[in-house]
Structure formats: structure tokens, C-alpha cells
Amino acid sequence: MSLRAPVRLLDRSRKWALCAATAVTLIASVLVGGTGTSYAASSLPCDLYAAGGAPCVAAHSTTRALYAAYNGPLYQVRRSSDNSNRDIGLLSTGGYANAAAQDSFCAGTTCVITVIYDQSGRGNHLTQAPGGGAAGGPDNLANAIAAPTTVGGHKAYGVYVAPGTGYRNDHTSGIATGDQPEGMYAIFDGTHFNGGCCFDYGNAETSNNDTGNGHMEAIYFGNSSYWGYGAGTGPWIMADLENGLFSGVNQRYNANDPTINYRFTTAIIKGTANRWAIRGGNAQSGGLSTFYSGARPNVSGYNPMSKEGAIILGIGGDNSKGSAGTFYEGVMTSGYPSDATENAVQANITSVAYTAPALPVALTPGSRISLRATTSCCTTDYLRHDDADTNVVISPISSSSSATDKSDATWIVRAGLANSSCVSFESANATGQYLRHAGFQLHLNANDGTSLFAQDATFCPQTGNSGLGYSFMSGNYDSKYLRHYYYTGYIASDGGSNAWDSTKSWADDTSWQVASPWS
Ligand code: AHR
């Protein structure tokens, strides 16, 4: 509005099972030698796990195939304009995601990721998590464009988990139960995390409730220190074993579990009878390190384990959903993989060269900018803070504006306080005060150093929702973008419960030109 006025999955699974099984048979029969396991250069992670005797029983990725012979869908998106769905597949067998298919399907509207398909052929797909003991549901679905990346030289999208987002499968096939051995890895954005419970990928309860110690075995990534923690300030890779995030054999501090925050971080947890391990590394280069390998925690319920075999992504076992993170790919295996097998998987991961998109030059941290509205009503208006209160509004600024008005409409771009792939905006004339949302309205407030402030003050630039300029996704509400509405600043979704979520002119009102600074 002018603001001057206001599959069917089972059938598909069988088909891809055949592809996966064929690949495993071919590779294993050709390559497994008598003195050790050798791996074909073209083998992808699940081929490597199979050759190492611990086959994938779930394989999830929105970026690439995890079997050399896989040529099925990676994930499904739903667009808001007509609620229709589209499977996103590969550019070629065993290759990379066809991100252009998503871009074309989602052009001019917004999309969420509805299904992350299981490539193992077992039908262990991830869909919208239901409510659980800790929090109601269904959980939110990830904004499909919120985690752009490049892999193998191709554009792809990861799964951006803002607090409230979660995926789950409570009816799986082949996932470890009881004390059965399993392994798992995932690639996360090591710069996108928080201390909420619990950004997990792995084995959880089938009831969505906390059913007791040892009923989970999942990778946790974040800086929660409520249960366990490691060296430094985090984030850490820990094992979520239910009622505890474990950084080693002890329940609390383990010095050998380091802070690990590579932009692309490989995280591994594996467990078998009275033994488990934490491993990790840089998904862009180098090998893996072992941060713990040894006995189960000496606490009732964790030995033997009582794994239930559901799969979760982005949430805790009881659907705790205060956590944040970004997932690119991950698998779960049947059997306890050897370190050598995982090292081969890591070599494949580094070979595909995950790369983060650069921030637009105009939004390089340290730059001074002004943000001009693009809605036809308001093209001489700029986002600025008030002097009489903490509100952030738009108003006309020109060369004849006062020096105060000009500097109120000038921002210093900072690396995102909660996610360095995104940005924060510090006021040019109020040092230490940042653009942030509270109650979904924009304010200028002093950084109080809390995790909540950091999240509220983090915005992720994307191509403008109208096609013009940039739109800025809220770092902790991935369906909401910086918007002006009746001259006041908000974060707003394209339709929703607040007046400022009005669909009328949403794309224009959320699109901003990054302009030269007024001061
Ligand atoms: O183990 C940590 C968390 O505790 C689990 O993820 C959740 O189920 C419980 O709240």
C-alpha cells in the first residue's frame, strides 16, 4: 500500500532406495580391499559410510546429493502466493541442488522449506515438527532463501533455523534404537548459533516428550552452558543424550571440547555400547579432530542407552525450540563408523568447497550508509531514529535537512551481532546504539550485551522483495523483514497477525535502497 495511506513419499523412497543400493553395491564390490578400506574419488558421504561398513539410514541435504547415484529430490518448498509445492532436485545425478528451480518457483513471493527428503531410500524424510512436551507446535518452517551458499561452484540454500523452527520424523526406518550403534555428521554455519535449547540433528524420542536420560543421541551445536560446556565461550559441539548436553564424560565442563566456529563446521557424534565420541573440524579445509572418545557418562540412564529412533533437526527431543542455527547436510548411520571412514567423509566435504556468499560491497562492515524507502509514496524518505523517543521511522531527508536529521538517518554497518553472515546497524550519532526490534517494532537502543539484543539487532540482507535494492530479514524471525508502515519501522511478514504484516505493498515496503550516507 502507499504508506501515505495505509507425492507421495513412499513411492519416491522405493525408487531412490534402488539408486542408493546400486551405488553402494558397485562401490563396495570394487573398492573394499583386504588390508583396509579404499575409497573412490567420486564417492560421496553415504558411499563412503557404506564402504566402511556403517551405511547411511538417513541422508538429508538441501545442497547436494550424498550418494554418487542419487538423482531424486532434495527438498520441497511451498510458496505463499498460492500455497503450491515444488520439489527441488539436482542439476545432475550425484550433483548439486538446482537452486535456480527454487528461485524461479519463488520469484515475487516467499517460500518455506516443507520437506527435507531422505536420500537413503528408507523414507526418513523430515517435515514440520509437531508440538511436544516443552513447547506447542507445529513448529515454524524455514525461510527457503535465508541461508544462501555456494557448493561445488553452484548456488544452493541451507536450512536457516530461527528460534521456533523445527523438523522431525517420529516414524522412521532403520535408525538405531536402544543401545544399538550409530554415527552421524552434519555441516552447520559455525557463526549462527545461540544458547537456547537445542539446535540438534539426530536421534530423539518418538513421542516428542522427554522420556528420560539416554533416550536421545543427537549432535548439539551452540553455546548453551546450562548442562555441559567446553573451553572458551562456545559454540561447542556436544551430544544431546536427553536431560543433558555432554561435552565429554563429565556432566559439566570438559576442557577438551573446544569452541569451534568455522563458517562451515563439520560436527560428528557417534555412539555404541559404553562408548561414544565427539569429533569436528572445518568443513572447508583440513581434517577432523576428536574432542572426546570414551565411556558413556557415569550417570543413571546413559549406559546402556535407550535410543528411540526419531529424527530431529533444529529442536530438542521434547520440542524445546529456543535454538538457532543453519544446517546444510547431515546423515545418520547404522553401525559405529570408524574414524577412518569419517576422515574420508571429511575429505569429500572439503573437496566440494562450501563457500559463503560475500556481503554486498555497500554493506561491508564499517561502511556508513542511509536506507531509502522504495515504495512510490516515499522515495525521498529514509530510515532514521527519532530524537524525542526510541522509535525508528521514515521521513524525508534532503540536502537542506538539518545536520541532526541527516545524522539520525545515517547508519554504520556492523557485522551482525548474532550472525556475522548478516549485519547490524549502529547509529551514526549515538555510539553503541543499534537498530533493533522489540515487540516487532523498530527502536534505537543501547547494546546491552545480551543474546536477545544481539538477535534482535541482526538483519540478513537479501535481494529486495520487490526486485529493487535489498530486503533485510530479521535474524531471529526469518519470515519477517525491515518494513515501514505508516511511516513507522517494524519487522513484518507478508501477511500475519499484526497490522504492519499487511500484504498490501509488503514487497515494496520491505525493499530499501542502500544510499550514500547523509552524514
Ligand atoms: O538434553 C537437553 C534437552 O533436554 C533435550 O533436547 C530436551 O528434550 C530436554 O529439554
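Trainee: How many aromatic pairs does the count come to by this rule?

Mentor: This is a predicted model, in which local features need pLDDT of at least 70 and side-chain atom pairs count only at pLDDT 80 or more, while totals for chains, interfaces and linings use all residues. Residues are numbered from 1 along each chain as its sequence is written, and side-chain values use heavy atoms, with hydrogens and water left out. Rings of Phe, Tyr and Trp (its six-membered ring) pair if their centres lie within 6.5 Å, and planes under 30 degrees apart count as stacked, over 60 as edge-to-face and the rest as tilted. By this rule, the number of aromatic pairs is 22.

Trainee: Which kind of aromatic pair do Phe188 and Phe199 form?

Mentor: The two ring centres are 5.0 Å apart, with 65 degrees between the planes. Phe188 lies in strand 10 (residues 182-188) and Phe199 in the loop between strand 10 and strand 11 (200-204), so the pair ties together parts that are 11 residues apart in sequence; strands here are DSSP runs (E, at least two residues), numbered from the N terminus, whereas helices are runs of H or I of at least four residues. The pair of Phe188 and Phe199 is edge-to-face.

Trainee: Are Phe188 and Phe199 buried or exposed?

Mentor: Buried means under 20% relative accessible area, exposed over 50%, and partly exposed in between (1.4 Å probe, protein chains only). By that definition, both Phe188 and Phe199 are buried.

Trainee: Why is the pair of Phe246 and Tyr302 edge-to-face?

Mentor: Phe246 lies in strand 14 (residues 245-246) and Tyr302 in the loop between strand 17 (288-294) and strand 18 (310-313), so the pair ties together parts that are 56 residues apart in sequence. The ring centres are 4.9 Å apart, and the pair is edge-to-face because its planes stand at 70 degrees.

Trainee: Which residue lies over the face of Tyr336?

Mentor: A charge sits over a ring if NZ of Lys or CZ of Arg is within 6 Å of the ring centre and within 35 degrees of the ring normal. At 5.0 Å from the ring centre of Tyr336, the residue is Lys270.

Trainee: Which residue has a polar side-chain atom 2.7 Å from an oxygen atom of the ligand?

Mentor: A backbone N or O atom of Gly244 lies 2.9 Å from an oxygen atom of the ligand, and a polar backbone atom of Asn243 is also 2.9 Å from a ligand oxygen. The residue with the polar side-chain atom at 2.7 Å is Asp318.

Terms used. Polar contact = N/O pair within 3.5 Å; in protein donor to acceptor, adjacent residues only side chain to side chain.
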